[in-house]
Amino acid sequence: MRLDPAAALRAAREHEAAASYPANREIRKRNLFIITVDALRADRMSAYGASRDTTPFLRRLLREGRLARFDNAFSACGESFCGVLGILSSKYWHQATQRRFGIAEALKRLGFQVTYLMSGDKTNFYGQRDAFGHAMDLYRDGSTAVGYINDDANVLEWLAQLEPAAGVPQFAYLHLMSVHTLVERHAEFRKWEPSTIGV
């Protein structure tokens with residue numbers, strides 16, 4: 001995927017916007033976690049009305065009023081790389097620049113600790129890590145995993161190892177691959193898989 005010819009102008013505007021973004025503003029700083037699940041379809045989730053009980057935990061949170069459900073969400077791109085960049089930068093691919101100013105950069109300036117924990121090798125696959133920017137305090141992906149690179153168990157293990165940062169608000173971006181075709185399939189979760197492919 002290549003950036004279009006107007007990228008230089010957009011890059012200049014992005015640099016200008018980044019330079020003028022205020023740091024350490026007085027806002028209510030609460031922890032923020034963004035969790036994406038690569039290849040997950042809403043119509044296969046019981047939280048969105050699927051007949052099989054595939055997401056009981058999310059369905060319970062929804063029932064208890066602890067989870068908001070959005071029925072009209074649209075992807076910025078149909079592929080993971082540009083879709084994730086769209087989430088993190090609030091831009092479509094054709095608006096992207098080489099040096100992005102997105103949510104991680106904005107929150108870092110506001111004093112957040114920024115963590116990326118990602119299943120899959122984003123470091124070597126099309127150089128995605130560089131595209132995520134450099135405003136991160138901790139970055140781990142499948143390239144540093146022990147075992148299979150697309151195993152979400154790695155992300156959960158890394159998350160469990162995080163030490164709470166007293167008084168410092170946290171921004172964490174978690175990217176899971178558990179429903180993707182190229183994943184580690186754990187026997188205890190087979191009950192969630194369809195008995196017939198395509199159903």
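**Close-up 1. The lining of the second largest cavity.** In this predicted model, Cys82, Leu85, Gly86, Ser89, Lys91, Tyr92, Trp93 and Ala96 line the second largest cavity, where a cavity is a set of points, on a 1 Å grid over the protein atoms alone, at which a 1.4 Å probe fits but cannot get out, and lining residues have an atom within 4 Å of a point. The space in this second largest cavity comes to about 40 Å³, a volume being the space filled by probe spheres set on the grid points, which are joined across faces, edges and corners. Its lining has 5 nonpolar, 2 polar and 1 charged residues; Ala, Val, Leu, Ile, Met, Phe, Trp, Tyr, Cys and Pro count as nonpolar, Asp, Glu, Lys and Arg as charged, and the others, Gly among them, as polar. Residues are numbered from 1 along each chain as its sequence is written, side-chain values use heavy atoms, with hydrogens and water left out, and local features need pLDDT of at least 70, while side-chain atom pairs count only at pLDDT 80 or more and totals for chains, interfaces and linings use all residues.

**Close-up 2. The largest cavity.** The structure holds 2 cavities of 30 Å³ or more, and the largest has a volume of about 70 Å³. Among the residues that line the largest cavity are Leu85, Leu88, Arg100, Glu105, Tyr116 and Phe132. Helices α3 (80-89) and α4 (103-109) are the elements that give two or more residues to this lining, helices (H or I, at least four residues) and strands (E, at least two) being DSSP runs numbered from the N terminus. By class, the lining of the largest cavity divides into 7 nonpolar, 2 polar and 2 charged residues.

**Close-up 3. The second largest pocket.** About 400 Å³ of space lies in the second largest pocket, a pocket being an open set of points with protein on both sides within 12 Å along at least five of seven lines. It is lined by 16 residues, of which Ser80, Lys122, Phe125, Tyr126 and Gln128 are the closest to its centre. The lining of this pocket consists of 7 nonpolar, 5 polar and 4 charged residues.

**Close-up 4. Aromatic rings around Tyr116.** The whole structure contains 3 aromatic pairs, for which rings of Phe, Tyr and Trp (its six-membered ring) must have centres within 6.5 Å, with planes under 30 degrees apart counted as stacked, over 60 as edge-to-face and the rest as tilted. Tyr116 and Phe132 form a tilted pair, 5.8 Å centre to centre with 35 degrees between the planes. Because Tyr116 lies in strand β2 (residues 113-118) and Phe132 in the loop between α5 (128-131) and β3 (138-140), this pair ties together parts that are 16 residues apart in sequence. The rings of Tyr116 and Tyr173 have their centres 5.7 Å apart and their planes at 55 degrees, so this pair is tilted. Tyr173 lies in strand β4 (residues 170-176) and Tyr116 in strand β2, so the pair ties together parts that are 57 residues apart in sequence. Tyr116 is buried, with a relative accessible area of 2%, and Tyr173 is buried at 0%, buried meaning under 20% relative accessible area (1.4 Å probe, protein chains only). Ring pairs link Tyr116, Phe132, Tyr139 and Tyr173 into a cluster.

**Close-up 5. The surroundings of Thr55.** Thr55 has its place in the loop between β1 (32-37) and α2 (56-63), and it is buried, with a relative accessible area of 13%. Leaving aside residues up to four places away in sequence, Thr55 touches Met45, Ser46 and Ala47, a contact meaning heavy atoms within 4.5 Å.

Technical notes:
Buried < 20%, exposed > 50% of the residue type's maximum accessible area, 1.4 Å probe, protein only.
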